[in-house]
Amino acid sequence: MTVPFIEQNDQTEARRDHLEALRGLVGNVYPNKFERSNVSDTPAGEDTITSIVAAFKKFAPRVAEGEKPSADELDLANSELNKIRVRLAGRIAAPPRVMGKAAFVHLSDGGSRLQIYVRRQDVVGVRNDAGGGEVNGWELFSLLDHGDFIGVEGFLFVTKTGELSVHVEKLQFLAKALLPMPDKMHGINDPEIRQRQRYADLIAGSLKLEPGVGSQEPERKELNSRQAFELRARVIKEIRRFLDEQGYIEVETPMLTPLATGAAARPFKTHHNALDIDLFARIAPELYLKRLTVGGFEKVYELNRNFRNEGISTKHNPEFTMLEFYWAYADVNDMMDLHEEMMRSVVEVATGGVTIRYGEHEIDFSQPFQRITMKEAIARYRGSEVNPNEEPVRIIELFEQFAEPHLIQPTFITDFPKAISPLSKASPSDPSVAERFEYFVGGLESANGFSELNDPEEQYQRFKDQMVQRERGDEEAMVMDEDYIRALSYGMPPAAGIGVGIDRLVMLLANKHSIRDVILFPHMRPERSEGSRQEAEGSVRTGSGSDRINDAG
RNA sequence: GGGCCGAUAGCUCAGUCGGUAGAGCAACUGGCUUUUAACCAGUGGGUCGCAGGUUCGAGUCCUGCUCGGCUCACCA
């Protein structure tokens with residue numbers, strides 16, 4: 001049976017024919033498991049292509065580009081490698097190169113690839129049904145397509161050209177690719193397919209061949225998708241390690257909240273049926289985390305998603321990942337110090353260096369980050385001083401217009417107007433400015449921190465001021481949060497807090513200029529397929545039956 | 001939401017002045033028992049994003065729409 005909304009053409013037809021022939025040969029074409037060996041002694045107890053390559057590549061003789069190793073070198077390598085029997089699984093990473101009665105194929109585990117050598121006279125196939133049994137291995141092999149998953153058993157060796165390979169003796173079919181694979185040289189260039197079908201993007205990255213040495217293609221060190229998301233994982237892991245080591249505790253506060261507050265943004269609205277109340281997807285966890293400092297968590301962080309119902313751009317996704325953390329008894333200056341230390345550590349762990357390239361710019365994290373006030377920044381880049389009586393909103397405008405694009409090297413901008421910082425303490429030396437900073441790098445606003453306002457009566461007044469703004473039509477002005485005022489009334493220690501935009505941090509470190517390149521499944525308009533059109537017309541979807549299945553999963 | 005640009009074979013892309021729809025890779029058939037983007041010979045594959053219009057004739061020109069990219073505004 002074919003799936004109606006998956007396209008059919010000569011290529012899918014050929015793959016389907018192969019699948020049916022395989023079914024006749026091996027029985028179950030979607031077996032439940034394949035047991036892998038563990039000769040590379042992985043902690044997980046099973047060999048992967050990556051672990052085998054890492055463990056045994058060193059036996060392959062090293063030769064200059066275009067040269068071949070000597071017979072003695074090959075014999076030496078093979079005398080060790082031939083003793084090593086492996087059971088490995090992976091995706092067929094290229095159209096098999098068949099030469100009559102033998103063939104070379106590369107297998108991929110998504111990260112690395114390893115060549116296998118299949119010879120007609122010494123490969124047997126394995127049935128997948130209970131009891132197993134052997135079938136014609138070469139016939140099985142000849143039914144495989146680029147992209148299929150197989151398991152192999154055999155011994156390691158190096159070929160005449162010195163490439164580490166597996167000489168296959170047993171071959172097992174594991175799963176079919178019914179759709180053709182992306183072009184092996186070009187991958188997928190269409191950004192729409194890359195983002196909508198991230199799976200295809202990731203496959204394309206793992207199957208793509210590097211241009212040969214003679215190629216005229218300019219040298220590009222751009223990370224592919226997999227590498228960018230691996231970098232993202234390293235960034236997040238290092239942030240957690242850093243904060244945990246500093247004595248912070250990680251918490252999770254509500255995503256669905258009765259009030260959307262803690263930031264200036266429009267929220268997503270949803271509805272709770274049983275309670276019959278509207279809820280908002282949170283725009284920031286800030287006020288919940290500060291309630292926890294009231295409760296006695298002196299160092300607390302949350303690394304999770306926020307949701308803002310605003311425009312989508314190369315720098316904005318409706319859901320984005322933010323780190324927020326709060327540090328009792330510290331002020332804004334301590335927080336800048338800590339953030340600077342954390343950034344240096346993250347950059348080093350994620351990229352292996354202290355300088356990075358972002359587009360045209362070389363960004364250096366090894367030097368102390370610049371710290372300048374907002375008015376100084378405007379004066380520096382506009383060339384004239386700010387009028388001392390300038391409106392707060394106008395100061396921000398001037399800053400964004402003249403200064404922000406120039407903030408390439410890591411820079412803290414301090415002394416924000418108090419009027420636009422309703423959760424921030426005023427500066428002891430100048431009551432018109434807040435003890436607040438924003439951190440800029442690569443021209444991107446990347447973090448925002450301040451000395452937290454902990455006086456419940458002043459906070460009450462600031463909220464009232466915000467309500468006035470809201471009544472004047474500012475949809476992003478904050479709302480009164482009575483429970484938060486109550487929490488502050490129990491007493492909150494002096495504290496500094498910060499919010500760090502993780503997606504933008506990853507963009508910077510991965511040298512990506514669109515947030516969609518660092519979010520696996522970025523928000524996009526729904527695709528209009530045949531199937532969804534039928535659903536929209538009401539002929540397919542029947543109601544709640546399928547929801548229970550999803551809940552159980 | 002505004003402006004600019006794009007959509008052609010499974011993938012990457014050509015398509016001139018409006019005159020029979022093209023290439024490479026992939027697929028299919030045959031050959032080849034250590035290949036390296038393997039090679040050699042042959043074959044098939046298209047709703048030119050969708051809908052109208054102009055024209056004897058539209059992939060090409062015009063209008064509208066859909067989806068996407070960049071950019072401006074709002075924001076992190």
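This report covers aromatic pairs and charge-over-ring contacts in a predicted model.

## Basis

The model is predicted: local features need pLDDT of at least 70, side-chain atom pairs count only at pLDDT 80 or more, and totals for chains, interfaces and linings use all residues. Residues are numbered from 1 along each chain as its sequence is written, chains are lettered from A and ligands numbered from 1 in the order in which they are written, and side-chain values use heavy atoms, without hydrogens and water.

## Aromatic pairs

The structure holds 12 aromatic pairs. Rings of Phe, Tyr and Trp (its six-membered ring) pair if their centres lie within 6.5 Å; planes under 30 degrees apart are stacked, over 60 edge-to-face, the rest tilted.

Phe365 and Phe369 have ring centres 6.1 Å apart and planes at 70 degrees, so they pair edge-to-face. Phe365 has 1% relative accessibility and counts as buried. Phe369, at 5%, is buried too. Buried means under 20% relative accessible area, exposed over 50%, partly exposed in between (1.4 Å probe, protein chains only). One aromatic cluster is formed by Phe365, Phe369, Phe412, Phe437 and Tyr439.

## A helix-strand link

Phe399 and Phe440 also pair edge-to-face, at 5.4 Å centre to centre and 65 degrees between planes. Phe399 lies in helix α11 (residues 392-403) and Phe440 in strand β19 (residues 433-441), so the pair ties together parts 41 residues apart in sequence. Helices (H or I, at least four residues) and strands (E, at least two) are DSSP runs, numbered from the N terminus. Both Phe399 and Phe440 are buried.

## Charges over rings

Arg291 lies over the face of Tyr288, 4.9 Å from the ring centre. The charged end of Arg382 sits over the Phe402 ring, 5.9 Å from its centre. The criterion: NZ of Lys or CZ of Arg within 6 Å of the ring centre and within 35 degrees of the ring normal.
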